[in-house]
Amino acid sequence: MTQLVEAPDSVGMSAARLERIRPVMQSYVDTKGYGGISTMISRRGRVVYADQVGWQDREAGTPMAENTIFRIYSMTKPVIYTALMTLYEEGRFQLIDPVAKFIPAFGATKVLGPDGSLSDQNPMRPMQVRDLMTHCSGLSYDFLEDSAVGGMYREARLMNDASRSLESVIEELVRIPLAFQPGTMWHYSLGTDVAAHLIQVLSGKPLDEFMRERMFAPLGMEDTDFRVPEAKRARLAAMYGHPDLFDRDMTFSALFGHFLSGNSGRRDVDETYPVDAPGGFLRGGIGLFSTAADYTRFATMLLSGKAEDGARIIGRKTLELMHQNHLPQALLPYGLAGVPTPGYGFGLGSRVCSNVAEAAVSTSVGEFGWAGAAKTYYWVDPQEELVGLFMTQLMVGFDLPENDLRTLVYQAIKD
């Protein structure tokens, strides 16, 4: 589907000033190892900028295209959480419900103490559904090293055995202790994968079927799925950058070592993020493939709760609940791999800006969004009715082209 791009002046933006975006994005292709970049900007429900620079596949000479398909990694998370909250709207759960109410095995999951001892979850405050969404569940990720739990995940191969079903991953996960008592820390984690399994439990449907019914079909996300059909694989972007974050035994510090040594180039990630897994690569924290236009449709919906045709996807008050800070002051600023995120809190699945000066980027209070391991990134600014999208395939880049894009978008607002 070709994306209609409307005149920026119609929504209070300068076409001339938006032209500043392209040369800056091109500089990342020319000098920073990016294969290609696709950007899309929407304001007041209208796409006013869409552009591509560089290559979908540099070696093959295939230019980046409007319909290029990307592995979006952790940008899968907001889509999963939004779908889960449509079940909240049906009264299927409350945010403070124990996860064990729906997945009983989590009731027996222990907590690993600093001294290696195991204890029960606090019976007055066990893992709750909201903890899965705010990353306060006690769960972790394979590549994180601040707890012995990460090593247990690596040994269990929770993230790099794509042949496993989502159900089998959760069955293994419940047997590994939590890294901390739920609700006491912010820690990036497999909580979204548990949330995805919760969708299956509550709906009684396979994850991909539910997502198509609640998100992809009504939003017109024709190229978004947990697989890429053979007929569309020529549109899949090649991966560049550092070694695969989800390789067996990979850690964030090891990856940073690859960055320092200049180990960057074309990468094959098919083993950990397959296009053709039987039944689809069904996960929650990663797993989706999408295009710039498809994801912009999803992100734009988050402003109003409605699809382009006016169909209600999710309620306005539910979106307000999701996109405000849910972390107590004691847990701020939250941080990933030891890097703090000043000026932001965390909502039900997305960062949320609380202080523009502390954030030190062009934004507004209440702006929210997230990113993916291969440098996909989006933000939604309700104050400005603005959506920005940055898509590429660069495994764990350490520079910040997304912040350049933010600057270039906000400086183009003229009303």
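1. Is phenylalanine 246 buried or exposed? Phenylalanine 246 is buried, at 4% relative accessibility; here buried means under 20% relative accessible area, exposed over 50%, and partly exposed in between, with a 1.4 Å probe and protein chains only. Phenylalanine 143 is likewise buried, with a relative accessible area of 6%.

2. On the basis of the values: this is a predicted model, in which local features need pLDDT of at least 70 and side-chain atom pairs count only at pLDDT 80 or more, while totals for chains, interfaces and linings use all residues. Residues are numbered from 1 along each chain as its sequence is written, and side-chain values use heavy atoms, with hydrogens and water left out.

3. The whole structure contains 23 aromatic pairs (rings of Phe, Tyr and Trp, the last by its six-membered ring, pair if their centres lie within 6.5 Å; planes under 30 degrees apart count as stacked, over 60 as edge-to-face and the rest as tilted). Phenylalanine 143 and phenylalanine 246 make an edge-to-face pair, with 6.0 Å between centres and 70 degrees between planes. Phenylalanine 143 belongs to the loop between helix H4 (129–134) and helix H5 (148–156), and phenylalanine 246 to the loop between strand S7 (239–241) and helix H9 (252–260), so the pair ties together parts 103 residues apart in sequence. Helices (H or I, at least four residues) and strands (E, at least two) are DSSP runs, numbered from the N terminus.

4. One aromatic cluster includes Phe143 and Phe246, and among its other members are Tyr73, Trp186, Phe289 and Trp370. Elsewhere, the charged end of arginine 406 sits over the ring of tryptophan 379, 5.0 Å from its centre (the criterion is NZ of Lys or CZ of Arg within 6 Å of the ring centre and within 35 degrees of the ring normal).

5. The largest pocket holds about 1100 Å³ of space. A pocket is an open set of points on a 1 Å grid over the protein atoms alone, where a 1.4 Å probe fits, with protein on both sides within 12 Å along at least five of seven lines; lining residues have an atom within 4 Å of a point. Grid points are joined across faces, edges and corners, and the volume is the space filled by probe spheres set on them. Of its 35 lining residues, Leu336, Thr341, Ala371, Leu400 and Glu402 are closest to the centre. Helix H13 (401–410) is one of the elements that supply at least two lining residues, and H13 gives the largest share, three residues.

6. The lining of the largest pocket comprises 23 nonpolar, six polar and six charged residues (Ala, Val, Leu, Ile, Met, Phe, Trp, Tyr, Cys and Pro count as nonpolar, Asp, Glu, Lys and Arg as charged, and the others, Gly among them, as polar). The second largest pocket, of about 290 Å³, has six nonpolar, six polar and seven charged residues in its lining. Helix H10 contributes the largest share of that lining, seven residues.

7. Strand S1 (residues 36–43) has eight of its eight residues buried. S1 runs antiparallel to S2, joined by eight bridges, and pairs in the antiparallel sense with strand S16 (residues 386–391) over six bridges; strands pair if DSSP finds at least two bridges between them. Methionine 40 has alanine 50 as its bridge partner in S2, whereas serine 38 stands opposite methionine 391 in S16. In the hairpin of S1 and S2, with two residues between the strands, arginine 44 takes a positive phi near 50 degrees.
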